[in-house]
Each structure stands twice: as C-alpha cells, then as structure tokens.
Amino acid sequence: MIYLDHAATTPLSPEVRAAIEPFLGESFGNPSSRHPLGVEAARAIERAREQIAFALGALDPERIYFTAGGTEANNLGVLGAARTRKRKGRHLLLGPTEHPSVRAAVQALESSGFEKEMLALRPGGALDLERAKQSLRNDTVLVAQMAVNNEFGSRYPIEELSELVRRNAPNAHLHVDAVQAIGKIPLSLLELNPDSLALSGHKLHGLKGAGALVLREEVRLTPLVFGGGQEGDVRPGTENVVGIVALGAAVESAVRVVEGTHGRLGDLRKKLAAELSALPGCELLAPDGGGPGGLSPAIAAVRMPGPPAEVWMHHLEQLGVYTSVGSACQSRTKRVSPGLSALGLDERSGRQVLRFSFSTTTSADEIRGAGAALFRVAGELRVRVS
Amino acid sequence: MKLPVYLDYQATTPVDPRVLETMLPYFSDDFGNAASRNHSFGWSAESAVTKAREQIASLIGASPKEIIFTSGSTEAINLAIKGTAQMYGSKGKHIITSLAEHKAVLDTCKHIEKLGFEVTYLKPDKAGRVGVEKVAEAIREDTILVALIWANNEVGTLNPIREIGALCHERDTLFFTDATQAVGKVAVDVEKDNVDMLCLSAHKIYGPKGTGAFYVRRRKPRVRLVAQIDGGGHERGMRSGTLNVPGIVGLGRACEICEAELEEEMARAAELRDYLEEKIRAELDMVHLNGHEKHHLPGNLNLSFSYVEGESLLMGMDDVAVSSGSACTSASLEPSHVLRSMDVGDDLAHSSIRFGIGRFTTKEEVDYAADKLIAAVKRLRQMSPLYEMALEGIDPSSVDWQGGH
C-alpha cells in the first residue's frame, strides 16, 4: 500500500503510541478525581498543554484548550468569538477557501443576524490583501482565514493579514485554522499573531477525537458546551486523556523536526512533479497563497487529463495507491468545492483535481511507486502518454 | 491485590482489555478517515463505525440510524437541550429538569434561561428520586422537553424512567434522559422505556474517554434538533467532525460486552455492594445511606458518617480511590448539589463517601476498603467530643453553644 492521503488523516506514530501506552491501561483515572489516579491523569493533561505551548513558541500553557478535534476547535473559535463580540458589531470576514467547519459556523452566525463578507484570491491564488484591507471595518468582529489550504496547499499570509486586522479592525477577532499547517511548515505564533488558532491531532500522527484551540492572552470566548467546569469552563466534559496525551506528543515531535520535515516534504513533492512530467496533460497546481514560501510541500493537487479525477483515484486504489478527490469532508458532496472555485476552476476542471498528500513517513520509493501506478492507469484509461 | 484499590467506577472505568484489543488496529493499520469514501481505507473505517453503531443500538434497543457519535455525554447533553430549545422554541419555552442532575444539564439549563426559556427544577425526594406525579404536575401546554437523569452519578438512585417517558408521550412532550451511569449497568430499552433522546459515555462502561453516543428517536415522534457543531455534515447533520474511529470502535465493543454480561455483572456488583454496606454497618453506628434502598445502581454505595469530617476521612483512606461527591465538582469544597437537593445536611454531606464497584472489583478489595474506612471512622470519632455526646444520648445540634457562658 502506498498511502498518499495524509491531509485526510495519518497513522499513529510509534513515538506517540509509546506516550499513550500507560493511559490505555493502568493509568485510567478521571482527571477531575482527587485520588492519585485522578491526579496522574490531570498531570498528563497539563504536560500535554505544556508540550503544545512550548512547541508553538513558549506561550502560557493556560491558553491551550482541548477539544474533540479540528471541527470543534474551528466552531469554538468562530462562534465563540463572534457571540462574545456581538455588541461591537455584526460584520464577519470569511476566507475564500475555508474548511467546511469554518464555513458552516459562519453560516450559522449569518442566520442569527451577522453579515458575512468573503475575502478573495487574486489571479494565481494569492490572498488579496488589498481587498481585505478595504473590507475591514470598525464593526468587523471576526476574520476567519486558514493558514494552509487543505485541498491544494496554498499558504496564506496570516502574518500580514493579522497586522491589517489589528490596524483596521480593532474589534475583530482573527481565527486561524492551522490544522494543515502545524508540523508541516515552520510557523511562529508570535508572527502569525492570531486571536485563536485551531489544530487537530490525527493530522499529525496523533489520534482522532482530540484537537485544541490556542487562544491569545486576554481573549474571552462564549463556550459552545456547558458543564462540569473542565478546561476553564471554555470546553467542559471529561477530558479525552489518551487523545490529549497523544496530541501533546504528536505536536511536540512534529514541531521539533519541522524544519527538516519541510525540506523532506519539498523533495517528495518535487519527485512527484518529476514523475508527473512523464504524463503529458497533467498539471501540478501550485497556487502561491502569498504567505512565506507560498505553498505547503505536504500537498500536491494535480489536474489530471482525461476522465474525472475520481476515476483515476479508483484505478490507483486498485493498485494500492491511496489518493483523494477534494478533501475527505467534501467527499460526500459532488459539487466543486468553494476552494477550487475561488481558485478559478470551473466545475469540469474542478472535478479533474486529484490530491496527493505526504508526511514524514512517506518515502521516495513510494513516490516512484505512485509514478509507476499513474503511468499504468494512464494506459488503462487510454490517456495518451508520450 | 494492587494498590490503590479503585472503587470509583462512577467517575471513570479502566478500558476493558477486550475493548482495547478491538481498538488497537484502528490506531495504526486501519487508520482511515471514515469520511474518505474514496478509498478502501476510508471504507474500512466506515464499516467499523457502522458495526459500532449496531452494537450500541442493540444494547439500548434502538435502530442504528438513531445513534449519533459525540465526544462524550457533556456534548450530547448540550445538543439535546440547546438543540431542542432552538428547534422547538416557537412551540413553547418551558423545560423541566431536576435539582439532582449532572452539572452539564444544570449549566446548560442556566444558559438557555438567559435566552428566554423557563426551566422548572424539580426537587427529588429524600432518596434522590423524582416521582412521575411531580413531573405530571409540572408539565404545561408549552413544555417542550423533560430532561431527567436515569441513574444519579453520586447516589446511584434510579428515576422511574419508563413511567415518566409514558407520561411525556401522553402529554406530547419530548423526553431526554442522561443515561451515562445507567447504560450497561441496568437494563435500558428506549422503546419500552419511552425515551426520545438518551446519552451514554464510553469511559463509564470500560471504553475510552472522549467518545459517547447520543440516541435520537426517528419515529413516533421523529425528533429534530438544531446542530451545535457545524461543518462537514457528519452524523445526519447533527454533529460534524472527523469521527474518532478507534474511540467509536471501542465504544461499540464495550456495549457488546455489556449486553452479553449485563445480568451477571448486575448480580455481582449488587452482591459486593450489599456485602460492603453490611460489613460497614456491622462495625459502625450512625451510618446514613444517601440514595434509595431499592431503586439504585447495583454498583453504587453512597454513605455518610455522623461526626466525621469528610476530608480527614478521605485522607485516612489514602490507598483507596473513592470519591466524595461527583468527580466533576470535586475541585470545590461546596457540599454536593445532589445531596443538598435531597435535604442532606451540610455536615453529613461533607462526610459522604461514594463507593463505585465495577467489573474488576474483587471481594478482597472490598474487604480492604471496608477495613480502612472502618478504622478511619473509628479513629476520627474517638477524637470527636460530639460523637461522645451523641453516644450519651445528647443531640449536639440541640445544644446552645453560646449560651450560659
């Protein structure tokens, strides 16, 4: 099997697996219990909080709030911030290629009286900062913009956007979905300077069911869930100790080697591009989002020749090569995603986009294998090859 | 015997090795995203999730289509109460619950009160039970939801769910029950028990933390809810987010084991619980049961000890993991709101100890815990002048301590 769908999910790494081992068995306490088993669990959670805080740039661990994953973290960031600030205004700015968990949250706000305006991409795929500047207002209470796009890997200029937001929209909360960015590209939270930032464990060789929202100091959110007081009442409920321990270990180990990872993934992406060059008609989309480096090396979106990408995907799958069409969350709908259409692709071209996504566990051999499989599928599909 | 002795099964339970074994492949080999319909990897994750849905549905007598996965009961409770309020708010703005509910229910109710809903908090009887007649008196034309706990997490009292459910159906009101402590411990059947919505949590039934299930009735009546977490449209649009596949697989297996072993486990837990109570009462006087003599969870025993201070008592039992009050409120020194609602005085509430007996509890452990407790209570009472007075037949609470000096 050659798994090239790491933007959808990743396997648990042996390192993370070792970290969670005690908490799968002997150390099973409820972190709210006051006996030693409970205290042990509570300590493990605090350690995970410190690991993440340290990995993201030595912030105060108290600013990390654990959630059930990226979707909940995005919901909490968007809904929590807008509802807290609703007296300051009702204007929302939504990034052009946001994940459904951000878009749907904004949609929910719209139905309760908020006004949505879209940010846009310039031709070529860069975030239009000029237009963003014009759209920012005194009554803008939320700006939601992802750091790295999940479908084609564009890296957006959060650093510059946050400066614009601070300067032109003093009441706005900047929420950044960093689910595809953390551990893949070097980031400085200090430079990104968001009010909230969402991350997810299972995209980083951690576990499904655990994510986090990182809040800027002094930022208050209206919780989505009410209950027993855990996570400073921002996100109550018995903590998913195993998932949180995994998240801490996953973020720590991914960020520790992120510089190397970034280079390695870049090499893999180049290798894939070389393999693709043997297949005429393939077009590697490389939309420079306008952020540092322009693109995440972890994702390669390719416009395939001939039949829709879904057909390619199923043929590749028969040969044990796993790729994807659109994002996993999009795969239930047949429409072209808002992200691809923001990029200027029409419905037909949008359907031709196949996504390859890599991780540190991906080898050069696998890319060669994928190249060979692509070549074979091209033959099966009678796509003309040179 | 391993120390500490764990008798806190209502706070959380260890993962059953059989459950863990079922989960492990989904950590590494079968790690697909259940929403990746594209490749066989995602398919394998999806079929594992489907199987878990069936296992959960089977335990509670539901159809698999009626099961929604959540991150746990707190999330499900929020979805049940806020989701109902938002969906049916135009029909009525009245909700009924009780003072003995879990914090998640009470906090959520407090929140919706701010949004213009009216909540009636029923007071339970001294045993912690909410009678069907109390609910009947409180239901009004504009009541859209009755939310009551099935088995109380602190005192283990079982509410008359079936009767209350029947009443709600008769009066055309939705009925939600927090069954976090009941599922897998007593027989639960959403059809026979007339339940419209029910939540359960994996980590209370030997599954992993961070996973729960929420039952939402599809027929007679069809319950509709406004989602609280949006995006991606997973779980019938009621709860979005990548499914926690290993957690869900674990929850499914945990339910399967509970279903297969329910009768046997109920009998075993009840026997150990009764044995513990008898052993304590044989050695100690002035012991009060917090809870119901008959309608209680098989594995729960909540006792208060007159003339003993709770914190000192806990410290005297340092290698026995028990809890005073529920885990979720144990960070505060406030007496438990559940005991208060049952009119247990502050002194007795402070000396309450919850013993939670579960699947892996042995008689040897119960003996050890009982001996520790008995010794600690005796030692503390030896130092207590109040206890001495009580033994002499003087009620210390009747003494006027200020007077005469």
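1. Sorted by class, the residues lining the largest pocket are 13 nonpolar, six polar and six charged. Here Ala, Val, Leu, Ile, Met, Phe, Trp, Tyr, Cys and Pro count as nonpolar, Asp, Glu, Lys and Arg as charged, and the others, Gly among them, as polar. The largest pocket holds about 740 Å³ of space. Of its 25 lining residues, Arg83(A), Lys86(A), Gln86(B), His111(B) and Leu115(B) are the closest to its centre. A pocket is an open set of points, on a 1 Å grid over the protein atoms alone, where a 1.4 Å probe fits, with protein on both sides within 12 Å along at least five of seven lines; lining residues have an atom within 4 Å of a point.

2. This is a predicted model: local features need pLDDT of at least 70, side-chain atom pairs count only at pLDDT 80 or more, and totals for chains, interfaces and linings use all residues. Residues are numbered from 1 along each chain as its sequence is written, chains are lettered from A and ligands numbered from 1 in the order in which they are written, and side-chain values use heavy atoms, with hydrogens and water left out.

3. In chain A, helix α1 (residues 14-24) packs against helix α8 (residues 241-256) at about 160°, with the axes 9 Å apart. Axes are lines fitted to C-alpha atoms, for helices over the stretch in contact, and angles run from 0 to 180 degrees between N-to-C directions. α1(A) and α8(A) are therefore roughly antiparallel (over 145 degrees; under 35 is roughly parallel, 65 to 115 roughly perpendicular, the rest oblique). By class, their contact (heavy atoms within 4.5 Å) has 11 nonpolar, one polar and two charged residues.

4. The axes of α3(A) and α4(A) come within 8 Å and cross at roughly 30°, so these two helices are roughly parallel to each other. Residues of α3(A) in the contact include Val78(A), Leu79(A) and Arg83(A), and those of α4(A) include Val102(A) and Leu109(A). The contact divides into eight nonpolar, four polar and one charged.

5. Leu3(B) and Pro4(B) are joined by a cis peptide bond, with omega about -5°. Pro4(B) sits in the segment before β1 (5-6) of chain B. Helices (H or I, at least four residues) and strands (E, at least two) are DSSP runs, numbered from the N terminus.

6. His205(A) is not a glycine, yet has a positive phi of about 65°. His205(A) is in the loop between β7 (196-200) and β8 (211-215) of chain A.

Definitions and conventions
Grid points are joined across faces, edges and corners, and a volume is the space filled by probe spheres set on the points.
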